[in-house]
Amino acid sequence: MAAKKHHILIIALLLSHFITRAQIKSRIDYYGTEEGLSHSIITTVIKDKEGFMWMGSWNGINRFDGKKFVSYKPSPADKYQLENNRIDQLVDDGIGNLWLKAYEGHIYKFEKGNKKFYPLYVLLDDNSLKNIRFYKLFKTSNGLIWMLSENDGIYCINPKSGRLNKYLHFSKKLSGPYFLFSDKVNFFYEDQNHHIWLGTDRGLNCLIAQSGFNYKSVITGSK
């Protein structure tokens, strides 16, 4: 019995030694408005392909290079303004732009090169989009940007296309390959085959990529 206790003690000492050696040393730094943030409330954080950290806040967006912050908001001289400086979501398209959703539900593109903001309805040359409220952005593996609206289905754009004013819209008001069971989309999922699954409050739709910039909505079941 005594030998067994000694064996247990040795094993416990060895385990504690390895656990102690495996502990990761970490450092926590605090950053606030005194360090250059435009607001102390940060709503979203992403890292772009260049390695910069971007943060959406209640007062515009911020870029962090590991040493200092630079904040961005439209200037009074800019032609287009943000309706609300509170930024709820950021998505990097990988080609020099950030797509952001502001608190009021509108989508904007921020061009890193010229530091300008552009509303979605201007980019797509469609004033009817002024009345659409969005609540979520997604970027799929093929680089497309998907925008879930509150009550008008889902929209999709290809930021790499030279014709940005061409976009896809899937809704219960549309027929054929663009039909959805409901305009209220509860979840968005891209599977390993690159199909897009949309869960609505009336059933499940699957969007399957077609040739070119197009998708076909397939009905998989309804309530």
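Four strands form an open sheet in the order E5-E6-E7-E8, with antiparallel pairing. Its edge strands are E5 (87-92) and E8 (116-119), each pairing on one side only. Neighbouring strands of this sheet are turned by 25° against each other on average, direction ignored. The model is predicted.

**Inside the sheet**
- Strands E6 (residues 97-102) and E7 (residues 107-111) run antiparallel.
- They are joined by 5 bridges.
- Lysine 101 has isoleucine 107 in E7 as its bridge partner.
- In general, strands of a sheet pair through backbone hydrogen bonds, either parallel or antiparallel.

**Serine 38**
- Serine 38 sits in the loop between helix H1 (2-22) and strand E1 (42-47).
- Its relative accessible area is 17%. Serine 38 therefore counts as buried, the cut-off being under 20%.
- A polar atom of the serine 38 side chain lies 2.8 Å from the backbone oxygen of asparagine 59.
- Leaving aside residues up to four places away in sequence, serine 38 touches Thr33, Ser57, Asn59, Gly60, Asn62 and Ser71.

**Whole chain**
- The chain holds 2 helices and 16 strands.
- Of its 223 residues, 39% are buried.
- Among contacts with a separation of 6 or more, 37% come from residues 24 or more positions apart.

Note on methods:
Residues are numbered from 1 along each chain as its sequence is written. This is a predicted model: local features need pLDDT of at least 70, side-chain atom pairs count only at pLDDT 80 or more; totals for chains, interfaces and linings use all residues. Side-chain values use heavy atoms; hydrogens and water are left out. Buried means under 20% relative accessible area, exposed over 50%, partly exposed in between (1.4 Å probe, protein chains only). Contact means heavy atoms within 4.5 Å. A polar contact is a pair of N or O atoms within 3.5 Å; within protein, one must be able to donate a hydrogen and the other to accept it, and residues adjacent in sequence count only if both atoms are side-chain atoms. Two strands pair if DSSP finds at least two bridges between them. Axes are lines fitted to C-alpha atoms, for helices over the stretch in contact, and angles run from 0 to 180 degrees between N-to-C directions.
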